[in-house]
Amino acid sequence: MHPPDADSVLVRHGELGVKSDQVRRKMEDQLADNIRAMLDARALSGDIEQRRNRLFVHTDQPEDVTAAAADTFGVTSASAVTTVDSTLSAIKDALAVTAREQYDGGTFAVSARRAGPAEAHPFSSTDIESDGGTAVWEAIEELGGEPAVDLDNPDFELFVECRADEAYVFCEKRPGPGGLPLGTQRPVVALVSGGIDSPVAAWKLMKRGTPVLPVYVDLGDYGGPDHRARAVSTIETLASYAPGHDLSLSVIDAGDVVTDLSQNLGSLRMLVLRRFMLAVAEAIAHECDAVGIVTGEAIGQKSSQTSANIAVTDAATTLPVYRPNLTVDKSEITNHARTIGTFDDSTIDTGCNRVAPSHPETNASLEAVRAAEPDDLFERAKVCAQDRAVIPIES
Ligand code: ATP
Ligand code: MG
């Protein structure tokens, strides 16, 4: 929803403002690049103008550009605005025009902020709210409606930001993901199975500005083409949040390793497989200059993810393993997957076989796992990492 003659999208970002000037400028430049790439990916046009602590996209496609900005990491909110002179009469006119076009019954409120030196305007933000409120009231009456003000929980809210030289009128603050612009951190390897948890975990790292290098471990007879296709689909959805960033998927052929582990290991099988996966991820990270690994694990969600067993898997790598879902309940992770759009792909039935043993160890010791796992496990992980296939992913 936007004023009928919206000419720009005002993009707000949160944490960048508290950084040093040098860091902030770098992050703002990255954000501008990412929004540019997002517009290109959606075939939208707009001129980006960077200002201190905010960014504007001047466009004649305000609705779609607002949606694109609100899907960009680092953006806290975006509003399609109409830009007017910073005079009370121009602001009132814009509010009335917007109300006439967008008011759809119920209560309303006008919220105003004024910035700049006090002498820049002969009026205060309270004046904007009361005079602007009157203009909206009259516009609603003209429409034949019965205006009513509710400042706490209005059905229809109009906003004014009045700066020294111009003012912006808008009627929506569309929330963005927040976080930091993608590409402002060093990358990590993302172990993505295509299940519900791991795409959400990768998304959370991306939200904090961290590019991910997705890795899918093909379990051979225990996985299958549908299982792999599911992983590819979830990465494609992740890539739609990251135009301009390469999310090519590395596929590891681990069929033989999984068969060996399944034949030769009992209750420790899953733990050894997890350690293998982390070792593969570490080898790829070293090769690609990545500085960590992200997984979808949550404490206690599965037997391989008890606190004791996470300690055992963690010891397979010296890189930090990020587990942003660690303390999140499955229902919440599932809701998050729905919100970001990975849920449907994650729940395609793949009919794959179960690698997990019927009575898995839930309280393993590192010594016992080291004694049980094949001596060449880590060597094989390195070879598998080297032999990986890379699937290009469209953003
Ligand atoms: P998800 O956790 O994504 O829902 P899942 O529940 O099938 O998938 P888990 O058994 O919970 O997977 O595995 C824990 C984590 O190990 C996953 O979140 C993921 O990071 C990683 N992982 C599991 N299987 C694979 C795989 N085949 N390829 C890459 N990573 C994997
Ligand atoms: Mg899981």
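This is a predicted model: local features need pLDDT of at least 70, side-chain atom pairs count only at pLDDT 80 or more; totals for chains, interfaces and linings use all residues.
Me: Thanks! How many helices and strands does the protein chain have, and what box do its C-alpha atoms fill?
Reply: There are 13 helices and 14 strands. Taken along the principal axes, the box is roughly 80 × 45 × 35 Å.

Me: How should I read strand pairing, and which strands pair with β4?
Reply: In general, strands of a sheet pair through backbone hydrogen bonds, either parallel or antiparallel. Here two strands count as paired if DSSP finds at least two bridges between them. Strand β4 (residues 75-85) pairs antiparallel with β1 (residues 8-13) over six bridges, with β7 (residues 166-170) over four, and with β8 (residues 174-175) over two. To find these pairings on screen, look for Ser 8 opposite Val 81, Thr 82 opposite Val 169, and Ser 77 opposite Pro 175. Strand β4 is also mostly covered, with eight of its eleven residues buried.

Me: And what is the strand order in the open sheet of six strands?
Reply: The order is β13-β12-β9-β10-β11-β14, and the pairing is mixed. At the edges stand β13 (321-322) and β14 (389-391); each has a single partner strand, so one side of each lacks a neighbour in the sheet. Within the sheet, β9 and β12 (residues 293-294) run parallel and are joined by two bridges. One place to look is Val 189, whose bridge partner in β12 is Ile 293.

Me: Which residues touch the most other members of the largest nonpolar core?
Reply: The general idea is that in soluble globular proteins, nonpolar side chains tend to be buried together. A nonpolar core is a set of buried Ala, Val, Leu, Ile, Met, Phe, Trp, Tyr and Cys residues joined through side-chain atoms within 4.5 Å. In this model, the largest such core has 38 residues, and Leu 191, Val 217, Ile 252, Leu 273 and Phe 276 touch the most other members. Two or more residues come from each of β9 (188-191), β10 (212-218), α7 (255-264), α8 (269-288) and α13 (377-386). Helix α8 gives the most, with 13 residues. Another core, of 32 residues, lies apart from this one and has Leu 182, Val 232, Ile 235 and Val 251 among its members.

Me: Which residues is Val 217 in contact with, leaving aside its neighbours within four places in sequence?
Reply: Contact means heavy atoms within 4.5 Å. Val 217 is in contact with Leu 191, Ile 252, Ala 254, Phe 276 and Met 277.

Me: Where does Lys 207 lie, and is it buried or partly exposed?
Reply: Lys 207 belongs to helix α5 (residues 197-207). Its relative accessible area is 27%, so Lys 207 counts as partly exposed. Not counting residues up to four places away in sequence, Lys 207 touches Phe 73, Pro 177, Gly 178, Gly 179 and Leu 180. Lys 207 and Gly 220 are 13 residues apart in sequence, yet 32 Å apart in space, C-alpha to C-alpha.

Me: Last one: which backbone angle stands out at Ala 43 and Asp 289?
Reply: As background, most residues other than glycine have a negative phi. Ala 43 has a positive phi, near 55 degrees, and Asp 289 also has a positive phi, near 65 degrees. Ala 43 is in the loop between α1 (21-41) and β2 (47-51), and its relative accessible area of 64% makes it exposed. Asp 289 sits in the loop between α8 and β12, and is exposed at 52% relative accessible area.

How values were computed:
Residues are numbered from 1 along each chain as its sequence is written. Chains are lettered from A and ligands numbered from 1 in the order in which they are written. Side-chain values use heavy atoms; hydrogens and water are left out. Buried means under 20% relative accessible area, exposed over 50%, partly exposed in between (1.4 Å probe, protein chains only).
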